[in-house]
Amino acid sequence: MNILAIESSCDETGAAVICDGKILSNVVATQEEVHARFGGVVPELASRKHLEVIIPTLQTAMEKANVTWKNIDGIAATYAPGLIGSLLVGLTSAKTIALAKHLPFIAVNHLEAHLNAHLIDAPQFPNPSIGLVISGGHTSLYLVRAFGDYSLLGATRDDAAGEAFDKVAKLLELGYPGGPLVDKLARKGNPDAFTFTLPRFGSGNQLDFSFSGLKTAVLIKVKEAKNTNTFDDTFKQNLAASFQATVIKIVVKQVFEAAKIHAAKGIVISGGVAANSLLRSTLQTEADKRNLKLAIPKFEYCTDNAAMIAYVGERYLKMGKQSSLKTNAVANMEIGTDS
Ligand code: KG4
Ligand code: ZN
C-alpha cells in the first residue's frame with residue numbers, strides 16, 4: 001500500500017510517500033526565506049507560496065519514492081489545526097487528487113501526527129505514555145493510552161514555547177527563526193546569570209504552560225541592559241542561557257508531573273523545539289532517573305513534515321477509516337478533549 005501525504009499547515013510545504021510503515025520519501029519545501037525579513041510567518045504569503053510549490057513538491061516526493069499515480073493507493077492530508085489559507089492549499093489538492101484518481105482520502109490532525117512521529121522509526125513504544133507537542137504554534141501535553149486514544153492534560157495559556165524562543169531571539173537581535181539561534185548562543189552563557197520565576201496556575205490546571213511572563217521578564221532585562229550600555233555579547237549569552245534553562249525547567253516539571261500522575265511508562269516529545277539540545281539531554285537524564293523510556297523523533301520528523309501525516313494516514317486507512325471529500329480545513333482544533 002503506497003500512501004501519498006501532504007502537509008501545509010504553516011510555512012512548510014511537505015509531501016511524503018509511505019509504504020507499509022516505511023517512508024519512501026519525505027520532501028519539505030521551506031518558506032523560511034520568505035518570512036525571515038518579517039521576523040515571523042505572514043499567513044497570506046505562506047498560502048501563496050504553498051500554491052506555487054505544492055505540485056512540484058508532490059512530484060519530487062513521488063519521483064524520490066519511485067512511484068507513479070498507478071502505484072498510489074490513498075491520499076492523506078493535514079486538515080487541522082493551522083493557518084487556514086495554508087491548510088486549504090494542501091487539503092484541497094489532496095481532495096482533488098482523491099476525486100480525480102478515485103483514491104481513498106484521509107484527513108489527518110497535525111497534532112496527532114506530531115504525537116505519533118516517533119513511531120515511524122520505532123513502532124513499539126510502551127503506553128500509557130506522556131506526549132508533548134512543543135513547537136512554534138503549540139505546547140500541549142497529552143496522555144497517550146494507545147494509537148488514536150489521547151487525553152489533553154495541559155496546554156499553553158499564552159505563547160507556545162517556540163514562539164517564546166522566536167520572540168526572545170528578536171529581543172536579542174539574533175534573527176529568525178530564533179530557536180536554533182538561542183540554543184547555540186545559550187551554550188556560551190551562564191544559565192544561572194538571571195533568575196526567572198516559574199509560572200503559577202492558582203486553582204487552574206496545574207499541567208498547563210505559560211511563557212508570556214518569562215518573555216516579559218526577558219524584555220525588562222533587555223531594556224535595562226540597553227539603558228546601562230551593557231547589551232553586549234556576554235549579556236546576550238547569559239540571558240539566552242537563563243531564558244532557555246527556565247523554559248526547560250517549566251517543560252520538564254510538567255512532563256514528569258504528568259508521568260507520575262498517570263503512571264506513564266514512556267515520554268514522547270515532538271515539534272520544532274524538540275530539536276533543542278539542552279531540552280533533549282535534560283529529558284533523557286530525567287527519564288533515565290525514573291526508568292522511563294524517552295522517544296524523540298529524528299529531526300526531520302520533529303519539525304513540520306508530511307512523513308508524520310503519511311504515517312497516521314496510513315494507519316487509519318489500514319483500519320478501514322476514510323474521510324469525506326467534504327472535509328474542511330479547521331484553524332483551531334485540539335485532540336483528546338472529548339474523553
Ligand atoms: O514544528 P515547527 O517546525 O513548526 C511549527 O511551529 O509547527 O517548530 C518551529 C519552532 C520555531 O519556533 C523554532 O524557533 C523552534 O521550533 N525551534 C527551536 C529549536 N529549533 C527550532 N527552539 C529551541 N531550540 C531549537 N534548537
Ligand atoms: Zn507542527
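Visitor: Let's start with Phe 243: is it buried or exposed?
Guide: Phe 243 is buried, at 0% relative accessibility. Buried means under 20% relative accessible area, exposed means over 50%, and partly exposed is in between (1.4 Å probe, protein chains only).

Visitor: Before we go on, what kind of model is this?
Guide: It's a predicted model, where local features need pLDDT of at least 70, side-chain atom pairs count only at pLDDT 80 or more, and totals for chains, interfaces and linings use all residues. As for bookkeeping, residues are numbered from 1 along each chain as its sequence is written, chains are lettered from A and ligands numbered from 1 in the order in which they are written, and side-chain values use heavy atoms, with hydrogens and water left out.

Visitor: Where do Phe 165 and Phe 243 lie?
Guide: Phe 165 is in helix 5 (residues 161-171) and Phe 243 is in helix 8 (residues 233-261), so their pair ties together parts that are 78 residues apart in sequence. The helices (H or I, at least four residues) and strands (E, at least two) are DSSP runs, numbered from the N terminus. Phe 165 is buried too, with a relative accessible area of 2%.

Visitor: And what about Phe 194 and Phe 235?
Guide: They form an edge-to-face pair, 5.7 Å centre to centre and 80° between the planes. Phe 194 is in the loop between helix 6 (178-186) and helix 7 (212-227), while Phe 235 is in helix 8, so this pair ties together parts 41 residues apart in sequence. Both Phe 194 and Phe 235 are buried. Ring pairs also link Phe 194, Phe 196, Phe 231 and Phe 235 into a cluster.

Visitor: What sits over the ring of Phe 231?
Guide: The charged end of Lys 226, 4.8 Å from the ring centre. To count, NZ of Lys or CZ of Arg has to be within 6 Å of the ring centre and within 35 degrees of the ring normal. Arg 290 has its charged end over the ring of Phe 256, 4.3 Å from the centre.

Visitor: New topic: which residues of the largest nonpolar core touch the most other members?
Guide: Out of 50 residues, those are Ile 130, Leu 141, Phe 243, Val 251 and Ile 267. A nonpolar core is a set of buried Ala, Val, Leu, Ile, Met, Phe, Trp, Tyr and Cys residues joined through side-chain atoms within 4.5 Å. Among the elements that give two or more residues to this core are strand 6 (129-134), strand 7 (139-146) and strand 9 (266-270). Helix 8 gives the most, with 14 residues. There's also a second, separate core of 33 residues, including Ile 120, Tyr 150, Val 268 and Met 308.

Visitor: What do the buried residues of helix 6 pack against?
Guide: They pack against helix 5, helix 8 and helix 9. Among those buried residues are Gly 178, Val 182 and Asp 183. Contact means heavy atoms within 4.5 Å.

Visitor: Where is Gln 31 found?
Guide: Gln 31 is in the loop between strand 3 (22-30) and helix 1 (32-36), and it is buried, with a relative accessible area of 1%. A polar atom of the Gln 31 side chain lies 3.1 Å from the backbone oxygen of Ala 46.

Visitor: Which peptide bond is cis around Pro 81?
Guide: The bond from Ala 80 to Pro 81, with omega near -20°. Asn 127 and Pro 128 are joined by a cis peptide bond as well, with omega about 0°.

Visitor: Last one: what is phi of His 102?
Guide: Near 55°, a positive value in a residue other than glycine. His 102 counts as exposed, at 70% relative accessibility. Asn 229 also has a positive phi, about 55°, although it is not a glycine, and Asn 229 is exposed at 73%.

Notes:
Rings of Phe, Tyr and Trp (its six-membered ring) pair if their centres lie within 6.5 Å; planes under 30 degrees apart count as stacked, over 60 as edge-to-face and the rest as tilted. A polar contact is a pair of N or O atoms within 3.5 Å; within protein, one must be able to donate a hydrogen and the other to accept it, and residues adjacent in sequence count only if both atoms are side-chain atoms.
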